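Have the structure open as you read.

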Amino acid sequence: ETIGRIIDSDEGMNVAIIGIGNLGRAVTGYFKGKRSKLNLVASFDNDPQKINKVISGVKCYPYNDLERIMDELKIQIAILTVPADYAREIAEESVRFGIKGILNFTTIPLNVPSGVFLEEYDMITSIEKVAYFVKENKLKPLDE
């Protein structure tokens, strides 16, 4: 509740996932309903097998409708789970269409204009960091 009072806006914020492959579906399933003032309202993909389907309670729209849907649903935050080759282009378009915050799950570092908050999370780098510290620190067993 305390965290919510600090970070939540009174009216809440709408969030979209762009890229609804394995990672996008996992994030959608995990995220949906976790924060009352952060509303996951849409996902986007270009795969005809996913478009117009409801995945973990969230409708998947065609990527070509990104601008229209972001405007209609007043989406302010985008979570990118797209293939790395498309990340920069999609981030640029998202910002152009009004996105004010991006959580980047791709392996490509992004540059965004001032006024747009960017959080980058590269799982591979994080796992490598953990592996490095485990290797270097060779922790003693608890019973010693």
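The largest nonpolar core in this predicted model has 22 residues, and those with the most contacts inside it are I18, A42, F44, I75, L80, I102 and L110. The largest share, four residues, comes from α4. In general, nonpolar side chains in soluble globular proteins tend to be buried together.

Take I18 as a way in. Leaving aside residues up to four places away in sequence, I18 touches F44, Y63, L66, M70, A78, I79, L80, T81, V82, I90 and S94.

There's also a second, separate core of eleven residues, with I55, V58, C60 and F105 among them.

Now for the rings. The count comes to three aromatic pairs, and here are two of them:

| Pair | Geometry | Centre to centre | Angle between planes |
|---|---|---|---|
| F44 and Y61 | tilted | 5.8 Å | 35° |
| Y132 and F133 | edge-to-face | 5.1 Å | 80° |

What does the pair of F44 and Y61 tie together? F44 lies in strand β2 (residues 38–45) and Y61 in strand β4 (residues 58–62), so the pair links parts that are 17 residues apart in sequence. Both F44 and Y61 are buried, and F44 is also one of those residues with the most contacts inside the largest core.

Key. Residues numbered from 1 in each chain as written. Predicted model: local features only at pLDDT ≥ 70, side-chain atom pairs only at ≥ 80, totals over all residues. Heavy atoms only, no water. Phe/Tyr/Trp six-rings, centres within 6.5 Å; stacked < 30°, edge-to-face > 60°. Helix = DSSP H or I, 4+ residues; strand = E, 2+ residues; numbered from the N terminus. Buried < 20%, exposed > 50% of the residue type's maximum accessible area, 1.4 Å probe, protein only. Core = buried A, V, L, I, M, F, W, Y, C linked by side-chain atoms within 4.5 Å. Contact = heavy atoms within 4.5 Å.
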